[in-house]
Amino acid sequence: MVQQTFEGEVLTEPVVVEREFETVDMNINIGPQHPATHGVFRMVLTVDGEIVKDAIPYIGYMHRGGEKLSENLDYRGALGYQDRTDYLAAFNSEWVYVNAVERLAGIEIPERAEYVRLILAEFNRLLSHFMFMGAFGTDVGYFGTAFTWTFKERERIQDLFEAVCGDRIMYNYFRVGGLAWEPHETFVEDSHWVLDQVEVGITDVDELMTNNEVFVARCRDVGAMTADEAISYGVTGPMLRASGVPFDLRVDEPYSIYDRFHWEIPVGERGDVYDRYLVRLEEMRQSVTILRQALEQMPTSGPIEPERMPARLRPPPGEIYMRQENPRGEYGIYMVSDGTDKPWRVKMRSPCFHNLSSLRPQVLNTYLADAVVALGSIDIVLCEVDR
């Protein structure tokens, strides 16, 4: 050992002992009030440095008892609760409910009412997907412009909805048997104008985000799910199709008048966040295609409700499960009638609840920042998850 002296004292060199670097896992609480959760939702991430080792989602903060409330109202009165589940696609949710009651009661819908319902529901799909594009752009972190651009297009659609039903979010326009009232006189012309503007807006989003190298780097190979994994979790809608499964209830179990139109089902290849974005982007173009055809075919006159409707609706005893392709996937209503004027049982099948169940396997062993992107790609609405 080398000895050194300093002011007469003998100094020795320090002995270096090598040790294994130790780390401690840390829990990070995200939510229930957090911009990244898109609602009152909480997830607790266990991280080792920047790597996610576990993820536990917590739901229930928005539970309002919509199913039980619906069972204590008559069949018409319970309709308003459907607007308050998926509030970004209220027309779509109303449509499932009234279809379930109509099939249970054996009520025939006038053709003109079917066209108006379908047109409003497809516009609502566009409205919902524009919301996703804007919010997801901010989740990725570099595309605040997307929010501004997409909300401009949403305003055009919401103005159309306001002209039809007087409201911009909670529409309460569909009725068992048809519609509340006739759409305004320039409904078809206004719809064509909105579609022209929307097509430009879709192209703007495409050019802003799709091939941007930062956006691709943040989304490609993040949160990937195989087709088998998506099916095992009950995932539906754009998330399922992004995993390569071409399943769409509008085609596989056609309802209303969807069998009269021609369009394609977009599917992904890798099932990752980037494919989910691409599938929704292409779905918007396909919705425009459907709407163009529907507006051309829609009868210019005719009834919007059956000639005779009972003052008090009492479907015969029985049960039904009605499911439709909402913007986030399979939204279903299971309904049981005991012959009275109130449903004995109402069960809502939430696509967001099932899609959210796939979050944990998506984010394990990924970076913390990628977990936020994966969550955003699910496109959850917490009022629908909790009901």
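This section describes the confidence, the sheets and the helix packing of a predicted model.

The mean pLDDT of the chain is 89, and 95% of its residues reach 70 or more. Among the elements of the chain, the highest mean pLDDT, 95, belongs to helix α11 (residues 273-297), while strand β1 (residues 3-6) has the lowest, at 52. Where pLDDT is low, predicted coordinates should not be read in detail.

An open sheet is formed by 3 strands in the order β3-β4-β5, and the pairing is antiparallel. Its edge strands, β3 (26-30) and β5 (51-58), each pair on one side only. From one strand to the next, the twist averages 20 degrees. Strand β4 (residues 42-48) runs antiparallel to β5 and is joined to it by 7 bridges; within this pairing, V44 has I56 of β5 as its bridge partner. Helix α14 (residues 368-378) packs on this sheet and touches β3, β4 and β5. The direction of α14 makes about 150 degrees with that of β4.

A further open sheet, also of 3 strands, has the order β8-β9-β10 with antiparallel pairing. Here the edge strands are β8 (318-326) and β10 (345-349), each of which pairs on one side only. The twist in this sheet averages 10 degrees from one strand to the next. Strand β9 (residues 329-337) pairs with β10 in the antiparallel sense over 5 bridges, and M335 stands opposite V346 in β10. Helix α3 (residues 90-105) lies across β8 and β9 and runs at about 150 degrees to β8.

Two packed helices are described by the angle between their axes and by the distance between those axes. Helix α4 (residues 111-140) packs with helix α5 (residues 144-165) at an angle of about 160 degrees, and their axes are 8 Å apart. Because angles over 145 degrees count as roughly antiparallel, α4 is roughly antiparallel to α5. The crossing of these helices is left-handed. On the side of α4, the contact is made by L120, F123, N124, L126, L127, S128, F130, M131, M133, G134, A135 and T138. The residues contributed by α5 are G144, A146, F147, T150, F151, E153, R154, I157, Q158, L160, F161 and V164. By class, the contact of α4 with α5 has 15 nonpolar, 7 polar and 2 charged residues.

Helix α6 (residues 187-210) and α11 form another packed pair, whose axes come within 11 Å and cross at roughly 160 degrees. This angle therefore makes α6 roughly antiparallel to α11. The passage of α6 by α11 is a left-handed crossing. From α6, the contact involves V188, S191, H192, L195, D196, V198, E199, I202, V205, D206, M209 and T210. Helix α11 contributes Y274, Y277, L278, L281, M284, R285, V288, L291, R292, L295 and E296. The composition by class of the contact of α6 with α11 is 14 nonpolar, 3 polar and 6 charged residues.

How values were computed: Residues numbered from 1 in each chain as written. Predicted model: local features only at pLDDT ≥ 70, side-chain atom pairs only at ≥ 80, totals over all residues. Heavy atoms only, no water. Pairing = 2+ DSSP bridges. Helix = DSSP H or I, 4+ residues; strand = E, 2+ residues; numbered from the N terminus. Axes fitted to C-alpha atoms, helices over the stretch in contact; angles between N-to-C directions. Contact = heavy atoms within 4.5 Å. Parallel < 35°, antiparallel > 145°, perpendicular 65-115°, else oblique. Left-handed = near helix turned anticlockwise from the far one by under 90°. Nonpolar A, V, L, I, M, F, W, Y, C, P; charged D, E, K, R; others polar. pLDDT = per-residue confidence, 0-100.
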